Amino acid sequence: MTEESPALYVVATPLGNLGDLSTRAADVLRAVPWVAAEDTRHSAPLLRHLGASARLLPAHQHNEEAAAQQVIDRLAHGESVALISDAGTPAISDPGARLVGRVREAGYKVVPLPGACAAVAALSASGITAPHWLFHGFLPTRAKQREEVLRALATAPYALVFYEAPHRILETVAALQTTLGKDRRIVIARELTKLFETIHACTLGEAMAWLEADANQQRGEFVLIVDAPVAAEDDGAEADRILTLLLDEGLPVKQAAKLAHAITGVSKNMLYERALALRAGA
Ligand code: SAM
């Protein structure tokens, strides 16, 4: 279950429902002598619940370099370490990436234990069919910077995934509406896996009124998914039509993608991937 040589296990923990901890994650947390945790006080009850006796090392955004050294020291002593964050997958809008990078540079094995991630949970239940999505996580808190980021993302042909906290939900949704337009669809996913889980879809033009109509809908933790611009879907359908014509004429995938790019202006890489899928019958 754990490696013979010492390893750093990057372990996803539940967002709210303890049942979402995988059996493998529980086994690893019970087996390792050390757990590096974003907030040791927060994680101690989880370890107690599992009957795990690992010692805790703090590993948060303000001590990540020092924590990485401590983890490397433990690995050098032949002891495995598990890395966890307060909820969900470490290093996803959470500390961990720098620590993992240092451990890898030091030549030790890093083993991911996949599990809960708010962005993926929200996407899976959103019904959004855009074939590509872009995870942005938290937006800047200052209005001017937030607007700059959103303007840069406005025409990207992807569904956009944001994280947000309750005290900023109204201003963020207002900024999304101003910069991305009233017509784009949004899915507001709140308190996933918890008692008051809510997943609501509407247009950006309707979102503020929906949130303001019930203060309870402004509470808790949020994933916001803004659907891809309609043009991206149109481009996709048009690109598929052109690629199909070219492939049916017997053109190789690369050449079909090149010509379709010249005709539609859609990214060559995207067209190449799409042509491969079309040829495979997807
Ligand atoms: N590493 C985590 C993951 O894998 O999703 C994310 C950590 S980030 C510091 C915390 C943010 O994730 C919250 O502010 C919220 O945007 C989102 N989040 C976490 N739990 C959530 C939940 N149960 N429902 C909706 N969003 C959640």
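Reply: Start with Leu192. In this predicted model, a backbone N or O atom of Leu192 lies 2.8 Å from a nitrogen atom of the ligand. Glu191 also takes part through its backbone. One of its backbone N or O atoms is 3.5 Å from a nitrogen atom of the ligand. Glu221 uses its side chain instead. There, an N or O atom lies 3.5 Å from a nitrogen atom of the ligand. On its own, the ligand has 570 Å² of accessible area, and the protein covers 92% of that.

Now widen the view. There are 20 residues around the ligand. Those that come nearest are Thr89, Ile92, Asp94, Tyr163 and Phe222.

Turn to the largest pocket. It holds about 500 Å³ of space. Its lining has 25 residues. Closest to the pocket centre are Leu15, Ala87, Ala118, Tyr163 and Glu221. Two elements each give two or more residues to this lining: strands β7 (159-164) and β10 (222-226).

What is the lining made of, in nonpolar, polar and charged residues? It has 14 nonpolar residues, 4 polar ones and 7 charged ones.

Finally, see which domains contribute. Domain 1 (7-116) supplies at least three residues to the lining of the largest pocket, and domain 2 (119-230) also supplies at least three.

Conventions:
Residues numbered from 1 in each chain as written. Predicted model: local features only at pLDDT ≥ 70, side-chain atom pairs only at ≥ 80, totals over all residues. Heavy atoms only, no water. 1 Å grid on protein atoms, 1.4 Å probe; cavity = no way out; pocket = protein on both sides within 12 Å on 5 of 7 lines; lining within 4 Å. Points joined across faces, edges and corners; volume = space filled by probe spheres on them. Helix = DSSP H or I, 4+ residues; strand = E, 2+ residues; numbered from the N terminus. Nonpolar A, V, L, I, M, F, W, Y, C, P; charged D, E, K, R; others polar. Domains from an automatic or database assignment. Near = heavy atom within 4 Å. Polar contact = N/O pair within 3.5 Å; in protein donor to acceptor, adjacent residues only side chain to side chain. Areas by Shrake-Rupley, 256 points an atom, 1.4 Å probe, with all protein chains shown as cover.
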